[in-house]
Amino acid sequence: MSGSNPIHVVGGGLAGSEAAWQIAEAGLPVVLHEMRPLRGTEAHQTEGLAELVCSNSFRSDDAALNAVGLLHQEMRRLGSLIMRCGDANQVPAGGALAVDREGFSRAVTAALEAHPNVGIVREEIDGLPPASWDSVIVATGPLTAPGLAEGIRGLTGAESLAFFDAIAPIVHRDSIDMGKAWFQSRYDKVGPGGTGADYINCPLDREQYAAFIAALIEGEKTSFKEWEPSTPYFDGCLPIEVMAERGPETLRHGPMKPFGLTNPHDPTVKAYAIVQLRQDNALGTLYNMVGFQTKLRHAEQVRVFRTIPGLETAEFARLGGLHRNTYLDSPRLLDATLRLKAEPRLRFAGQITGCEGYVESAAIGLMAGRFAAAEREGRALEPLPVTTALGALIGHITGGHVSAEDAGTPRSFQPMNVNFGLFPPLDRAPKAPDGKRLRGPEKAQAKKRAMTDRARADLGTWLGEEPAPLPAAAAE
């Protein structure tokens, strides 16, 4: 490794490996610290860098109609090591990019070991990085070593790290049937920045509620991972099916209470229970189901939650879950370049920032590396357009999330995969070649194509490339 005063990257997963590569490719020295094999985790099996601990899939590779496929494409354009090694170790998986996990990890490890600007140190960073390290990227993932996690918590406050992750389902706003649902805050309360009509409400009568409770209790649940059974439930994170098992009326006196709400579609009839959805991003395109953290299997969640009036055709940006995790309350703690506001020499990348998924973690690592390299060189890096997949993902992590409206309520920022709900809406809806309005699946596909076309053009501008002409349908 050449040069002095290196940038340090803590954690050799996908995010850390990508961050180190980006720094090295910028011509700067970087030291990558990985605690394996000296200290293992409950999930890892090898000492290889960028080990895939769960699935071997990077999900859809469709850059025209899928947000994660678009993210793949953007990362390739920015010289991603993770994507290069993924492509080189691809295995058949239809429209998805799946990889030979061992070959992939070996390729990433070999590339970093061979790079003249990279030093790899096998050691555990037990606590905050030394003060002499003036530029550090922490990319330690959801199973961060206890000493380092405690050091981060000491800097950020006791409530800034979640060690038991409650995730409620998140729904695309335009898939909710507002002929049955309506906007209203309980008792028309106007909270900070609110209007008194800040929640979407879905009503259930007594019969519908009873059927819903039965479906929750009978639904197939996900089993705990080996290291999770000893982790206690917090009262604020109880799965809805656990609450349902405590008694049939528990939920309607908890997250499904109907009080203080009137259905404008049928104002003389009081709902027996109500499901509320709260705006989840600044764009208003995503809404989370309040209090609906769950261990139901994903297919069961879709089946059961679509029995709720107004959600019969709901499309989910992500489904619920409950598992041990470590992640920052990033919108509050990180700046736009992923630096910790309380100690700007520290940047964060990967799942610890509150992104979800292999590719998303690597993408945040990619940008953290570029931000750190630019800072070291004394140059400003223009913010990514929020119309790109990379920009939308960073925007969600660092500022695009709507905070809980009442002080003292549990934070609601949740890890999330990249999805089109994080992108700004189009200026105008795409139309058919004959100028007519599109409907149904054609409309949905045209909207996605227009968003990905826009993203490619805007990323090209950010990169300083010559603009390519837009397809005729998108230009109209």
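Visitor: Of the 476 residues of the protein, what percentage count as buried?

Guide: This is a predicted model, in which local features need pLDDT of at least 70, side-chain atom pairs count only at pLDDT 80 or more, and totals for chains, interfaces and linings use all residues. Residues are numbered from 1 along each chain as its sequence is written, and side-chain values use heavy atoms, with hydrogens and water left out. Buried means under 20% relative accessible area, with exposed over 50% and partly exposed in between (1.4 Å probe, protein chains only). By that criterion, the buried share of the 476 residues is 54%.

Visitor: How many helices and strands are there in the protein?

Guide: Helices (H or I, at least four residues) and strands (E, at least two) are DSSP runs, numbered from the N terminus. Counted in this way, the protein has 13 helices and 19 strands.

Visitor: Why does the span of helix α1 agree with its twelve residues?

Guide: The expected span of a helix is 1.5 Å times one less than its number of residues. Helix α1 covers residues 14-25, so its twelve residues should span 16 Å, and the distance between its end C-alpha atoms agrees at 16 Å.

Visitor: How many of the twelve residues of α1 are buried?

Guide: Helix α1 is mostly covered. Among its buried residues are L14, S17, A20 and W21.

Visitor: Which residues in α4 does α1 meet?

Guide: Two packed helices are described by the angle between their axes and the distance between the axes. Here axes are lines fitted to C-alpha atoms, for helices over the stretch in contact, and angles run from 0 to 180 degrees between N-to-C directions. Helix α1 and helix α4 (residues 101-114) pack at about 30°, with axes 11 Å apart. Taking contact as heavy atoms within 4.5 Å, L14, S17, A20 and W21 of α1 meet F104, V108, A111 and L112.

Visitor: How do the residues of the contact of α2 with α10 divide into nonpolar, polar and charged?

Guide: Helix α2 (residues 67-77) packs against helix α10 (residues 358-376) at about 35°, the axes being 11 Å apart. In this contact V68, L71, H72 and M75 of α2 meet V359, E360, A362, A363 and L366 of α10. Ala, Val, Leu, Ile, Met, Phe, Trp, Tyr, Cys and Pro count as nonpolar, Asp, Glu, Lys and Arg as charged, and the others, Gly among them, as polar. The division is seven nonpolar, one polar and one charged.

Visitor: Which are the edge strands of the six-stranded open sheet?

Guide: The six strands form an open sheet in the order β11-β12-β13-β14-β10-β15, with antiparallel pairing. Within it, three bridges join β10 (residues 170-172) to β14 (residues 286-289), and V171 stands opposite Y287. Each edge strand pairs on one side only, and these are β11 (182-183) and β15 (316-318).

Visitor: At about what angle to β12 does helix α6 run?

Guide: Helix α6 (residues 206-218) lies across two strands, β12 (199-204) and β13 (273-279). Relative to β12, the angle is about 95°.

Technical notes:
Pairing = 2+ DSSP bridges.
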